[in-house]
Amino acid sequence: MTYIKTAMVTALMGATALTAAAPAFAKDLRIALQSDADVLDPDQSRTFVGRIVYASLCDKLVDITPDLEIIPQLATGWETSEDGTEITMTLREGVVFHDGTPFNAEAVAANIERSQTLDESRRKSELSSITGTEVTGEYEIKLMLAGPDATLMAQLADRAGMMVSPTAAAAAGADFGLNPVCSGPFSFTERVAQDKIVLTKFDDYWNADAINFDSVTFLPIPDTTVRLANLQSGDIDMLERLAATDLAQAEADENIVVDRAVSLGYQGITFNINNGERGDNPWGNDKRLRQALSYAIDREALNQVVFEGAFAAGNQPFPSTSPWYNASLPVEGQDIEKAKALLAEAGFPDGIDLEVQVPNSTVPLAVMQVVQAMAGQAGINISLTSKEFATLLSDQSAGDYQASQIGWSGRIDPDGNNHQFATTDGGINDSKYSNPKMDELLNAARVGSTTEERKALYDEAIAIMLEDLNRLFLYHVTWIWAYNDSIKGFTPYPDGMIRLEGVTWEE
Amino acid sequence: MLRFLSRRVLIALPTIVLISIFVFALQKLLPGDPLLVMAGEERDPAVLEALREKYRLNDPIPVQYFAWIGNALQGDLGVSLRTGQPVTELMAEKLPVTIQLAVMSMIFALVIGIPAGILSAYKKGTVTDYVANVIALSGLSIPNFWLGIMLILLVSVKWQLLPASGYVPLSEDFWQSIRTMLMPSFVLGTALAATLMRHTRSSMLGVLSADYVRTARAKGLSERVVVLKHGLRNALTPIVTLTALLFGELVAGAVLTEQIFTIPGFGKLVVDAVFNRDYAVVQGIVLVTAVGFIFMNLVADALYFVLNPRLREQ
Amino acid sequence: MTDAATPSTITAATDPVLAAKPENRVWKKFRSHKSALFGGILVTFFVAIAVLAPILPIADPAATDWGAVRKAPSWDHWMGTDEIGRDVMARMIWGAQASLLAGVVSVGIALMLGVPLGIMAGYFGGWTDAVISRCTEALLAAPFLILAIALAAFLGPSLTNAMIAIGISATPIFIRLTRGQVINIKSEDYVESAHAIGLPTPRILTRYILPNVLPPILVQATLTIATAIIAEASLSFLGLGQQPPEPSWGSMLNTAKNFLNQAPWMAMWPGISIFLVVLGFNLLGDGLRDALDPREH
């Protein structure tokens, strides 16, 4: 004991002696992310945290407002031709990339070509409607489309619309991500994998006056408790994705401000309807069983128990805060009688088993154990298998599953939350769900010209979704940011990004 | 001795080949497709197939293996699928961190564990012995994450004495580097100290009752000399074995502790690589860890000879 | 060492192991060992709880109560409730089964594999040693995680599979410990003389080598129980061990990690229990060690 104590005391004394310099990060903003970003090339990258870094590193053609309206960023205006097959964009003048390359119509053309042709590009499907570009002036470009595409502007408000320096991209090829060169408010300085990504203020930024930090450092800190502790100790200034269960503690700290926004995505259970042999099971064959499970779940209680009510209970691919939500089909309460009746109708009056695979982290496991308990009341006996994500994903896409707890981070345009999951040939339709009416509606909504027209189509599609339930929706994540109260002017966005324009540091 | 060493080094080569084959074979055995995981939400089958071709993931495993070995011999361990960084660069970044953490933890473990073990054996059956044992075992049973988070909450948040997390290279700022590593190495060190303490105690007990120690006592040598010189030296075999093994384990990765203190070391790297099926990274790390284990075991074997004069005569 | 008909060339005087009548002495020493007795009581207590779980008057370990999520210990819930309103005490008691099994069986597997291999490597040396040692190094270097994921994919979730995986991964340390000890002992005079008089190798191994190898092995085995209990949780997380909602101490600790601030009791009970079980086994091990030590009186 004496040894341990002595060692501890010496360690601490040594520490005190060394605590001379605790620098104030007045101008370097330190932001903790939940995980490390992947490759820093907008055309190749796939992670959510990667997009957070891009919000400071790479400007896009257009941006969104917190209400999801498309607003100018590098494109100052755009016009769609009558037949919807051409979009003419006017570009911002006087913009340069971090390497000094000027931003102009040629640069946009090069970027779109890169996104469409680079072997490693993950943006191909997002830009598939663009058949060609035509530079019509130094700062004007025409995008030619195969047909009307209502989703395109929303794609250009995300990674597909991020502009990288054509010079740097041509020189680096697929290795561009090691030293990304964009035109955003901060330029890339350094990256140490799993440790930090450092960006430095770009003095020639077109909107440099709105940027009030000399540099921004992103630090991956996976453990939620530790992220909060780092904020409280002053080691970081801001964190994303505070755990809902830590909200009370963060709010009680007078030096910490908490902001939130309901996300664009959803969490739910995907059923295997027709994906290989395992799709041929009662749960895949009879939608009444899936409906029964849906009735058995008290979504509001789920939200209260696991997330202390901080998230949003959900029954549709969008949260009720979304303009696309079908308000005539609100989240219903638990109805055990109805669930039992449906089970009996489907031929299982004495209950039925269901095997659900779950990603192996605490939150999904807690969610599914609550669902398990609720389903049990209706006679649905759920068994859970916890799998690490790679296994879960490959089993799901190979059809080696009965049901899978999985979600979607969400897209600005409603198409992104639906088309690829619910149409017969959808790229991520792991259910292999197929309903001609659904295909028709979602395809029509893709090309619909007015918001009203599209809304009507989605309303109808959602009614069918809730009937067929190849995806059973449970809840919507709420992004929760916590930051030092010296940070002023931060705006929460439903896409979960951290936009630093106009954000200041006031001691 | 020299012959012994050179023979061992030669034998080590097949081990490494064996390990590398093993790791490659696992690539086929593990479920999950590296590109599917990498793709995350963007799973365009055509793009995935093109990438599979590009990274030669469709080649038969033996072909991939020989291509990898060929490159490895030229110092190229491939590129991380996830971040695009060369594996050698990634490891060059992490190795110093990991070694620093391992060495500092081992210092904590040895400085606490061995004296506590000797004292406990010497005072066997007394209150000191019991207390030392209880503390050692609690050091072993207290989960590292609990101790880690408690330390952060107390030392960093409440007292503001040490940084809560992060890493500063030794070359950049020596003292700051030591400071950031103090808590994590203490957390790791205490758990290892418990193991070392229990072993030291056990083998000291055996030695202290042995004839030659009694003889030494009878000759009137001071207790200090008896315990430390005659006792400890003969009790060291299991401790040497363990220290080598534990050090190897530390290099292989103290995942949870690294994660809690956000230290960019091997542990986190390998776990993320396995979960992401980033095989180039996994293979590189396993290779380096294997060399580490072989080296540490070699050191242990050499120390057996140093400690036991009779072995040397053979 | 219970073999009474020993070759007459070895007398009690030259054989430290046979210095006293073994059986009586061992048991007597063990019984008079108070701390070992205490250890025995601790272990028996937890084993009893694990065995009696089905008939004890406790709550259903899977029953949830939305109105009592993460409630501190009270009269209704003596050890509080967990993150989805289950009774922690019921889960502790049911979890004892999985955790004790994981701890004891996997250490048993590691011992059965590790000790014989270690003795062979150390005693015979040469190629035997080279092969065993190189394989050990290979096993040490391969990440446990990869092994676990592969096993999970092939064998599916079950406690038995988890115990096998933990047992195998714990084997190298026993091989190395045994081997080191054997190398050290085989040069002792009494082993060399036993060899010189032509005693068969198996007998030398069991009579002279094994008893001297035991102390560090006992210590390590009792310590590894703690590691194994905690490892079970990470395996169930990978889909190899117990699946939720079945409780185990390790998985309870794992969950508690996220609620150290809000619900410290969730980590406290499994933590204390693991400590007590490990303490119990260690004290037992100490008792056994002292009882078997031929030199100590």
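**Helices side by side**

Author: H6(A) and H7(B) run roughly parallel to each other, because their angle of about 10° falls under the 35 degrees that counts as roughly parallel. This is a predicted model. H6 covers residues 224-233 of chain A. H7 covers residues 144-158 of chain B. Their axes lie 9 Å apart.

Now look at who touches whom. From H6(A) come Thr225(A), Val226(A), Ala229(A), Gln232(A) and Ser233(A). They meet Ile149(B), Ile152(B), Leu153(B), Ser156(B) and Val157(B) of H7(B). Sort the residues of this contact by class: six are nonpolar, four are polar and none is charged.

Next, stay within chain B. Helix H5 (residues 87-122) of chain B packs on helix H6 (residues 127-141) of chain B. Here the angle is about 145°, and the axes are 8 Å apart. H5(B) and H6(B) cross in a left-handed way. H5(B) brings Ala116(B), Leu119(B) and Ser120(B) to the contact. H6(B) brings Thr128(B), Asp129(B), Ala132(B), Asn133(B) and Ala136(B). By class, the contact of H5(B) with H6(B) has four nonpolar residues, three polar and one charged.

Two values were given for each pair. Packed helices are described by the angle between their axes and by the distance between those axes.

Last, step back to chain A. The domain assignment gives domain 1 (2-19 + 40-183) and domain 2 (266-476). Their C-alpha centres are 32 Å apart. Domain 1 of chain A gives 13 residues to the contact, and domain 2 of chain A gives 11. On the domain 1 side, seven residues are nonpolar, four polar and two charged.

Notes
Residues are numbered from 1 along each chain as its sequence is written. Chains are lettered from A and ligands numbered from 1 in the order in which they are written. This is a predicted model: local features need pLDDT of at least 70, side-chain atom pairs count only at pLDDT 80 or more; totals for chains, interfaces and linings use all residues. Axes are lines fitted to C-alpha atoms, for helices over the stretch in contact, and angles run from 0 to 180 degrees between N-to-C directions. Helices (H or I, at least four residues) and strands (E, at least two) are DSSP runs, numbered from the N terminus. A crossing is left-handed if the near helix is turned anticlockwise from the far one by less than a right angle, and right-handed if clockwise. Two residues are in contact if their C-beta atoms, placed from the backbone, lie within 7 Å. Ala, Val, Leu, Ile, Met, Phe, Trp, Tyr, Cys and Pro count as nonpolar, Asp, Glu, Lys and Arg as charged, and the others, Gly among them, as polar. Domain bounds come from an automatic or database domain assignment. Angles under 35 degrees count as roughly parallel, over 145 as roughly antiparallel, 65 to 115 as roughly perpendicular and the rest as oblique.
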